[in-house]
Amino acid sequence: MNVGAFVCGCGGAVDLDLEGVREGVRDVDVVASGSLLCSEGLPKVRHVVEEYDLDHLIVTAASDSCKRRYRTVLDDAGLHPEAISFVDHRERAAWVHDEADATDLVARKINAAYAGLREEAPPRSVSREAGDDVVVVGDPEAAEALSDSADVTLLADGEDFADADYDLRDVTIARGRVTDVDGVYGEFELQVQAGVTEDCIDCMECVEQGPDEYVTSKPVDVLPGAPDGDWVDCCPTDAIHPEERTVEADQVVYPDAARDTRGGRMGFYTGPVDAATVAAVQDLLGGIEKPQFLDVDMDVCAAGASSQQGCTVCSDACPHGAVSRPSIDSVEFDEVACEGCGACTSACPTGAVRAREPSNERIAREVESLLVERDDAGLLSGDDGIETGVVAFVCDERASRALDEYGRRARQQDGIEYPPLLPVEVPCADTVGEAHVLHALAAGADGVAIVGCGGDCLHSGPDPKADLVKRLNRATNDLGLGHRTAFFAPEPGEPEAFVEDVGRFVEFGLDPSPVPTGHDAEGVADPTAANPEFNTHDWALESVRAILPHVDARDVIRGLESFGRVEVSDDCTFTPTCSNLCPTDALRREEAGLEFNHERCVNCGLCEEGCMEDAITVEGGLEVDLLPEHNDGDAWTAVADGEMRECRRCGKPFTSEASARKISEEVGDVVSGIAPDADGDVFEYCGDCRAKLVYDR
């Protein structure tokens with residue numbers, strides 16, 4: 001792939017050293033710059049594209065009009081409409097930073113765009129067919145708004161719409177109160193309880209004779225708690241009886257329902273209904289085709305086995321109800337319901353679920369490109385460029401728009417200026433996990449900023465990464481780096497707090513990192529393991545290993561959830577249960593001993609859950625001395641030792657002493673006398689000799 005980079009000076013509206021940007025850009029086939037490339041310079045851009053036979057363009061452009069003009073170059077060259085990447089050089093660069101910092105930053109951003117482009121995943125899609133059946137619960141206004149485009153059922157939920165001033169002629173009005181809603185987009189089921197059965201013919205006799213506060217007329221229904229009386233006998237079809245029924249729907253609008261997931265479920269709408277809600281319902285009528293956000297490999301999942309519950313981080317993390325546990329030891333992903341926030345992928349320790357775009361490898365390459373510095377004819381550094389390298393994982397939704405707004409306001413007035421951040425855009429702050437932060441620090445970042453949407457987050461709600469930041473600052477403190485991570489939520493129209501907080505974090509909270517730049521991640525900790533590259537556990541471990549030679553770390557790095565430390569009590573009977581359950585083969589039984597591989601343990605807790613003797617406990621954290629490079633090259637450590645029992649008859653070791661004693665204590669009385677010719681306890685014999693004693697009498 002031939003790639004060209006084009007840097008525009010916006011007619012002098014940006015304080016950039018265009019030559020300095022060109023010198024800082026590397027690896028691409030050609031770099032060109034000009035004062036107004038997007039207008040009078042377009043013929044030159046076309047010429048460069050043709051001369052270098054470019055397949056992809058990386059262009060500094062911020063406005064939609066500029067982007068449209070650059071896309072005409074793609075049309076003229078016969079290139080794919082998506083064969084172009086745009087880099088912001090104004091709102092989040094030259095308009096909020098001085099010339100030296102902005103020049104350095106734009107060059108780094110172009111390099112990161114190229115690095116990410118090389119790792120871009122081919123697009124895939126998922127789809128689901130659905131009908132046009134929409135149930136609206138208790139909201140006649142929403143039912144009216146949707147009636148022209150959908151087959152709407154207005155479920156009364158105890159309301160009487162006789163005097164409702166809405167056009168409901170194309171709406172089916174149904175009686176009953178909702179007791180439960182289950183299912184997914186295209187397959188919802190509402191459990192409904194009514195006081196009148198479907199035998200009702202709407203004759204209105206009960207409405208005329210029944211108590212006003214307990215009877216509704218549109219639809220005809222009797223509410224719970226209605227007193228008995230002669231009026232019940234007025235019904236000609238004997239329909240006044242409690243009834244439960246199921247109503248099916250492709251989508252549900254239920255304003256008064258409690259949101260059962262933090263970010264809401266696809267096709268299930270709660271809270272006030274507005275124009276955006278109506279548009280969302282209409283957009284999903286008939287079905288959906290959308291990008292496939294996830295790659296799933298259940299062969300390496302640590303959710304459980306043999307009816308034992310193990311890791312639950314993906315289902316715990318998902319804010320949209322797209323991850324379910326149909327049984328205690330299984331996990332299902334509804335990729336149509338997935339909103340691509342990345343919460344499950346950053347939490348999963350094994351790589352069983354991974355984001356397709358941006359993949360962890362793509363994020364890694366972008367981070368590494370942002371942090372590479374060159375002093376000779378390369379990226380500016382020191383006094384002539386970015387002094388403190390802070391990688392910022394920026395949510396590309398509302399947080400990104402807020403930063404753009406700050407830049408436009410900075411263009412109009414003084415005072416909006418903050419230290420430069422090295423940006424990596426992610427779908428949501430939820431995408432960022434411990435592995436991403438540790439890798440940035442291993443690649444030489446002085447700090448890591450997670451920039452999310454705060455209270456306006458469409459997925460997880462306010463400050464979704466507070467716990468992660470707390471844990472990681474604990475981990476980096478144990479690593480000897482001090483606190484290096486912070487979360488920021490830029491609010492549109494309120495730049496002052498963000499400017500102050502970022503300035504305090506970068507300028508006063510961060511010393512230069514002792515870790516040099518230049519680390520290129522492989523995303524692998526144990527080449528013999530089956531887990532895919534750049535899974536959370538392996539990637540994080542690789543990063544810690546890159547950091548350790550440059551710091552004075554503690555023995556245990558706390559705060560890292562994808563690592564577990566096993567302790568085994570004297571109650572262990574050395575049965576193979578724990579080693580059989582372990583999904584990463586981090587435990588193995590060696591005769592009467594139990595050995596642990598800390599390098600492989602992902603803290604899923606299956607061994608602790610399944611241990612019949614409650615002898616195992618697992619605590620989070622990475623213990624440095626248990627890694628093979630600090631343990632004489634041995635990845636295995638004995639965590640429990642015992643003795644083997646030898647058969648009294650043939651001398652063959654056949655089980656552990658602890659296991660034999662436990663079995664004898666529990667069932668010895670039951671089998672007493674079963675082998676009268678045996679010398680001593682029957683459990684002092686191996687299985688073969690025990691059988692001969694019992695049956696060869």
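A charge sits over a ring if NZ of Lys or CZ of Arg is within 6 Å of the ring centre and within 35 degrees of the ring normal. R265 does the like with F268, at 4.7 Å from the ring centre.

Before going on, please note that this is a predicted model, in which local features need pLDDT of at least 70 and side-chain atom pairs count only at pLDDT 80 or more, while totals for chains, interfaces and linings use all residues. Residues are numbered from 1 along each chain as its sequence is written, and side-chain values use heavy atoms, with hydrogens and water left out.

A search of the whole structure finds six aromatic pairs; rings of Phe, Tyr and Trp (its six-membered ring) pair if their centres lie within 6.5 Å, and planes under 30 degrees apart count as stacked, over 60 as edge-to-face and the rest as tilted. F488 and F498 have ring centres 6.2 Å apart and planes at 80 degrees, so this pair is edge-to-face. F488 belongs to strand β26 (residues 485–488) and F498 to helix α15 (residues 495–509), ten residues apart. Helices (H or I, at least four residues) and strands (E, at least two) are DSSP runs, numbered from the N terminus. Both F488 and F498 are buried, a word that means under 20% relative accessible area, with exposed over 50% and partly exposed in between (1.4 Å probe, protein chains only). Together with Y406, Y418 and F505, they form one aromatic cluster.

Now look at helix α14 (residues 466–478). Its buried residues include L468, V469, R471 and L472. Among the elements that cover them are α13 (434–442), β25 (447–451) and β26, where contact means heavy atoms within 4.5 Å. After α14 comes G480, whose phi is positive, near 90 degrees.

Where does Y254 sit? Its place is in the loop between β14 (251–253) and β15 (268–269). With a relative accessible area of 12%, Y254 is buried. Not counting residues up to four places away in sequence, Y254 touches several residues, including V137, D157 and F268, and F268 is the residue whose ring R265 lies over. Y254 and D139 are 115 residues apart in sequence, yet 8.0 Å apart in space, C-alpha to C-alpha.
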